[in-house]
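Please study the sequence and the structure before working through each solution.

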Amino acid sequence: MTQEEIFKNLISHTKEYGFIFPSSEIYDGLSAVYDYGQMGSELKNNIKKYWWDSMVKLNENIVGIDSCIFMHPKIWKASGHVDAFNDPLIDNKDSKKRYRADVLIEDYIAKIEAKIDKEVAKGRKRFGDSFDEAQFRATNPNVLREEKKAEEVRQRMAKALNDNDLAGLRQIIIDCEIVDPISGTRNWTDVRQFNLMFSTQLGNISGEDGTLYLRPETAQGIFVNFLNVQKSGRMKIPFGIAQIGKAFRNEIVARQFIFRMREFEQMEMQFFVRPGQELEWFRHWKQKRLSWHLAIGMGEENYRFHDHEKLAHYANAATDIEFNFPFGFKELEGIHSRTDFDLGRHQEFSGRKIQYFDPETNASYVPYVIETSIGVDRTVLAVLSAAYRQEKLDNGEERVVMRFHPALSPVKVAVLPLVKKEELTNLAQSIMNDLKYDFNCQYEEKDTIGRRYRRQDAIGTPFCVTIDFDSLTDGRVTLRDRDTMAQERVPVSELHSIVEKKVSMKSLLEKI
Ligand code: ATP
């Protein structure tokens, strides 16, 4: 099965089992907007809790806030979003489809990279055990030619984006002979800038422009509360402010399921430091954030850093953590060293002094900022796609199993009386009552036990507890493990602690 087919199956699986639904489906949906169902919202909440606890609980010098989506419109002037939060768009005149010019070029580069990978795979096959990949990549003429081609395009695109050279971007598309994937033609319009912010009106305020923006990032809510938090929390630099919340972007090309949505959620943390120390903290957060991802257990090989070639004028370092999604490596999280740009601009635009008096150096300054910014929904997609397995079992049957880290699983325990007989259901209910205050549990008595196991596998429940007639006399139940499918008889009295050990958030947090 191709990656594309697996991805399609995953999307229908998430709908069938209540993870993710297309928004407004009975009205034929709304493009790039999705709703989380009963399983999806549990998974999403667990991911948010994992992030929040890793920031706010594990670091005494990080606190969390919850600022509003609506903010004073001047904030978006100050942050640069009104003037510069643009994407370069291009239309194909035949298909009438709209694309991001930079994404078309990136896809072209990805194709070259795929060609190189194929070449390497061929080499590996030819040379067998004696294959030295590094040497092959450094010497094979086909690989070298393709790499040079990709690098040239990369450089040209970085320069065109940096110089805001829209004609230059278009020229790359023409020179690379990039065709519209739908019409197959090269009949392109000019490249234009398109602002990604949604706007709305704030009632009727006479004499004032009532245009409000739906925030395109949560970070500005942190910056404008810097003084409030610092003073009320008596925070000493270095310290951080974390926030989870909705953000909105009028994305030109919204595809790849929940990877790019028009309404999504971000988890952002701004870490305020003394000027001059920012690069040290940048390195610190790069490693910390990678450890956070690795603890989930989705494979080290599925992550990579992508350092930015094109730095925003105010940034002095930036990197993305990319994840190997079903459609290739793409940005999951951004880590940016933003200097004193944001606080400095708010100081300028608000006319308020936004500074910190550093008792150690006896000086006041506008702090520098390291930002870590990750999309909740992209993390959900990463977790879903890494967990999804279609497995053939020894007995010839097949199962679909979501191998989530148990701490992230939507349901932790399924309580299953073997048959619907009062003695068994009574005991099952009492086990349910014992567990439900601490763990999200499901109680199911319909269908054969095999079917019920399959349903729990499909939503990634780490434990199934089966109550049978022996349980009534020996006080033991069968505990089935999702991953190994091993079944073990355990005393009812030990259930709570066995489950706790495996599903607690602590098991994740300890690894960071
Ligand atoms: P991209 O280049 O993919 O558009 P970006 O560089 O604009 O992303 P940032 O502004 O750095 O993204 O936002 C931080 C994080 O927010 C991203 O790493 C991503 O996880 C998430 N994010 C951004 N845009 C979207 C979106 N439209 N849908 C879902 N998540 C998003």
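**Exercise 1.** Are Phe239 and Phe272 buried or exposed?

*Solution.* The model is a predicted one, in which local features need pLDDT of at least 70, side-chain atom pairs count only at pLDDT 80 or more, and totals for chains, interfaces and linings use all residues. Residues are numbered from 1 along each chain as its sequence is written, and side-chain values use heavy atoms, with hydrogens and water left out.

Step 1. A residue is called buried under 20% relative accessible area, exposed over 50%, and partly exposed in between (1.4 Å probe, protein chains only).
Step 2. Both Phe239 and Phe272 are buried.

**Exercise 2.** Determine why the pair of Phe7 and Phe257 is classed as edge-to-face.

*Solution.* Step 1. Rings of Phe, Tyr and Trp (its six-membered ring) pair if their centres lie within 6.5 Å; planes under 30 degrees apart are stacked, those over 60 edge-to-face, and the rest tilted.
Step 1. The ring centres of Phe7 and Phe257 are 6.3 Å apart and the planes stand at 75°, so this pair is edge-to-face.
Step 2. Phe7 belongs to helix α1 (residues 3-16), while Phe257 is in the loop between β9 (239-248) and β10 (263-273), so the pair ties together parts 250 residues apart in sequence. Helices (H or I, at least four residues) and strands (E, at least two) are DSSP runs, numbered from the N terminus.
Step 3. Phe7 is buried, with a relative accessible area of 12%, and Phe257 is buried at 7%.
Step 4. Phe7 and Phe257 are also among the members of one aromatic cluster, which includes Tyr34 and Tyr303.

**Exercise 3.** Describe the open sheet with the strand order β5-β4-β6.

*Solution.* Step 1. Two strands pair if DSSP finds at least two bridges between them. This sheet has 3 strands and antiparallel pairing.
Step 1. β5 (98-100) and β6 (192-195) are the edge strands with a single partner each, so one side of each has no neighbour in the sheet.
Step 2. From one strand to the next, the twist averages 45°. Axes are lines fitted to C-alpha atoms, for helices over the stretch in contact, and angles run from 0 to 180 degrees between N-to-C directions.
Step 3. Strand β4 (residues 86-91) is joined to β6 by 4 bridges in the antiparallel sense, and Asn86 stands opposite Asn195 in β6.
Step 4. Helix α5 (residues 101-127) packs on the sheet and touches β4 and β5, its direction making about 70° with that of β5. Contact means heavy atoms within 4.5 Å.
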